[in-house]
Amino acid sequence: MLYLAYKNLISKPLNTFLSILLLMLSISLATFVLQMKDQLNQHLEKNTKPFDMVIGAKGSPLQLILSSILHIDNPTGNISLNEALKIGKNPMVKEMIPVSYGDNYKGYRILGTPDKYLNQYGATLREGKLYKKPFEVVVGSYVAEKNNLQLGSSFTSTHGLAENGLETHTTKPFMVTGILNPTASILDHLIITNLKSIWEVHEHEHEHTPHEEYHEKEREITSLLVKFRNPIGALQMSRYINEKTTMQAALPKFEIERLMKFLGVGFQTINSIAIIILLVAGLSIFINLIKTVRERKQELALLRTYGANIFQLVKLVFLEAIFLSMLGFILGWFLGRISTWFFSIYSENAYGYHFVFGLPNNKELFILALVILTTFIAAILASTSLYKLNVSKILANV
């Protein structure tokens, strides 16, 4: 019966191809969206989890999170370091890390911050040592690999966050003192140095300013990353900062949830399209099976005369349906993963996010169950005419 089902399907290659194509498209769309949503959510959660609050200049709180933690947007402005550090006097504050940036090297951001920033992501050195002096840097694993940076390598930064910046600081080169192990976080795509380096690289060549510590009054930073002893502290402090100071406070968890809601509309739209295509694929399989039963009445009648019962004929129809659904699902799943891989190449270069080629998850297995159910319904409907098969009449007309 299995061999006969296979021969029946390949005898009508166009019908079989269209049924599999529709099913494949619906599965690839659904699995691609599921992978994007789940893995993007994991990336965002991993990168924002170390910090409870970001303090920066007034503006969009989402932009502040995207620029200061995820490093995929422009900052809202600068804030006074002295004013920001006053937040640390609050007993609810557990830790705070100032960050400052404004330059890049070949599109990769150069971030000025104390080395305790690295500890928040569990970063370890693959080789070399941490930066100590101005213009010493450690580089993320991806940056080092893509730009062939090694210990002792030197480079000059370009003003701004875009790769095609016009102003290059040729007189103040950076030197690589350390290379980080991969962390699967935003660190892999950053160049890290101390705050003094960011301040000094933007000083005019004719000016001379001593190497002040970063608590000097006149210094500015891009933002302050804060961790609290308990969640209540973040809520209370954010209200105070937004209402009583010239700065703004943004909560990463809240803003990322809001971002995922915005993106969720697009994900749901694509999923709806995938469901519609799946239903059309089910209809196509049903039509294909109906045509098979009608066009092969004589063959089916002969099978009955050779001893095949109704159950075996129904089984034949079900085998054809299962073959179509499983082949469509497998091809669609692989197409979805290949799409994820291509998208990962783009997103890693543009945003520093890498999407992995993972095994089927529970949601995808649920989709498989839904596909099998759809094809079973199509097979049941197509098999009803088998019970009305008049063997003697059909053979008499041969």
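Ala, Val, Leu, Ile, Met, Phe, Trp, Tyr, Cys and Pro count here as nonpolar, Asp, Glu, Lys and Arg as charged, and the others, Gly among them, as polar. By that scheme, the lining of the largest pocket has ten nonpolar, three polar and five charged residues. This is a predicted model, in which local features need pLDDT of at least 70 and side-chain atom pairs count only at pLDDT 80 or more, while totals for chains, interfaces and linings use all residues. Residues are numbered from 1 along each chain as its sequence is written, and side-chain values use heavy atoms, with hydrogens and water left out.

**Largest pocket**

- The largest pocket has a volume of about 560 Å³, a volume being the space filled by probe spheres set on grid points joined across faces, edges and corners.
- A pocket is an open set of points on a 1 Å grid over the protein atoms alone, where a 1.4 Å probe fits, with protein on both sides within 12 Å along at least five of seven lines; lining residues have an atom within 4 Å of a point.
- Of the 18 lining residues, Phe51, Pro252, Lys253, Phe254 and Glu257 are the closest to the pocket centre.
- Helices α2 (13-48), α8 (231-244) and α9 (252-295) each supply at least two lining residues, and α9 gives the most, with six.
- Helices (H or I, at least four residues) and strands (E, at least two) are DSSP runs, numbered from the N terminus.

**Aromatic pairs**

- The structure holds eleven aromatic pairs; rings of Phe, Tyr and Trp (its six-membered ring) pair if their centres lie within 6.5 Å, and planes under 30 degrees apart count as stacked, over 60 as edge-to-face and the rest as tilted.
- Phe155 and Phe174 are stacked, at 5.7 Å centre to centre with 20° between the planes.
- Phe155 lies in strand β7 (residues 154-155) and Phe174 in strand β9 (residues 174-180), so this pair ties together parts 19 residues apart in sequence.
- Phe155 is buried at 4% relative accessibility, as is Phe174 at 1%; buried means under 20% relative accessible area, exposed over 50%, partly exposed in between (1.4 Å probe, protein chains only).
- Phe318 and Phe376 form an edge-to-face pair, with ring centres 5.0 Å apart and planes at 80°.
- That pair links helix α11 (residues 310-350), which holds Phe318, to helix α12 (residues 362-383), which holds Phe376, 58 residues apart.
- Phe318 is buried at 17%, whereas Phe376 is partly exposed at 34%.
- Tyr105, Phe135, Phe155 and Phe174 form one aromatic cluster.

**Helix α3**

- Eight of the ten residues of α3 (residues 61-70) are buried, among them Leu62, Ile65 and Ile69.
- Just after α3, His71 takes a positive phi of about 55°.
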